[in-house]
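Hi,

Here is the structure I promised to pass on. Have a look at it first, and then read on for what turned up.

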Amino acid sequence: MVLTRHRLAIERFGDGIDLDRSGYLVLNWIRMRGPMSIAELSEAFALNNSTIHRQTSALLRRGLVERIREPDAGIARKFRITSHGTHLLDHERQQRISALRDALPGWEDDDLARFATYLQRFNTGIEQHRRADRVSRTRK
């Protein structure tokens, strides 16, 4: 709970932060995993299609993602991050890292690197747990 509270504070005081939390997460997810459909994003974030549609529509209007046709997906479209989206995401990440550095004065670079590694492992573990939980609930 403390981590979440401080994350929100960092987003509020970070100069130049131009993406809201959902936009940042969706862009990052698409960049890491490649083009994704509304249904795939909905599954990944455990949100309904209408919520994901609103989020991707906002990103589309800003030119941060584009719709592409997947050859074996029929009429379905997927979202792919644009070069503008990649640039903005990189900029946002640097702004957030800078805000974190400011929030953790006295931490050595090695400590910050280890923390980032552990946080990434934690996030991956939570995602795997959520996926396994959804699968087990579907099978019941």
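To start with something you can check on screen: leaving aside its neighbours within four places in sequence, which residues is serine 37 in contact with? Contact here means heavy atoms within 4.5 Å. The partners are Arg77 and Lys78. Serine 37 sits in the loop between α2 and α3, and it is buried, with a relative accessible area of 14%. For that word, and its relatives, the cut-offs are: buried is under 20% relative accessible area, exposed is over 50%, and partly exposed is in between (1.4 Å probe, protein chains only).

Before going further, a word on what you are looking at. This is a predicted model, so to speak of local features we ask for pLDDT of at least 70, and side-chain atom pairs count only at pLDDT 80 or more, while totals for chains, interfaces and linings use all residues. Residues are numbered from 1 along each chain as its sequence is written, and side-chain values use heavy atoms, with hydrogens and water left out.

Now the overall picture. The protein has six helices and two strands, in the order α-α-α-α-β-β-α-α from the N terminus on. Helices (H or I, at least four residues) and strands (E, at least two) are DSSP runs, numbered from the N terminus. Of the 140 residues, 30% are buried. If you take the contacts between residues at least 6 apart in sequence, 52% of them join residues at least 24 apart. The accessible surface comes to about 9,700 Å², and 54% of that belongs to carbon and sulfur atoms; the areas come from the Shrake-Rupley method with a 1.4 Å probe, and for residues only the protein chains shown count as cover.

After α3 comes alanine 46, in the loop between α3 and α4. Alanine 46 has a positive phi of about 55° although it is not a glycine, and it is partly exposed at 46% relative accessible area.

How do helix α2 (residues 21-33) and helix α4 (residues 49-61) pack, and at what angle? The angle is about 85°, with the axes 10 Å apart, and that makes α2 roughly perpendicular to α4. Roughly perpendicular stands for 65 to 115 degrees, with under 35 roughly parallel, over 145 roughly antiparallel and the rest oblique. The axes are lines fitted to C-alpha atoms, for helices over the stretch in contact, and angles run from 0 to 180 degrees between N-to-C directions. On the α2 side you will find Ser22, Gly23, Val26 and Leu27, which meet Gln55, Thr56 and Leu59 in α4.

Last stop: helix α5, residues 83-103. Histidine 87 is found in α5 and counts as exposed at 56% relative accessibility. Its C-alpha atom is 9.1 Å from that of leucine 64, 23 residues away along the chain. Glutamine 95, also in α5, is partly exposed at 21%. Glutamine 95 and aspartate 18 are 77 residues apart in sequence and 9.6 Å apart in space, C-alpha to C-alpha.

Cheers
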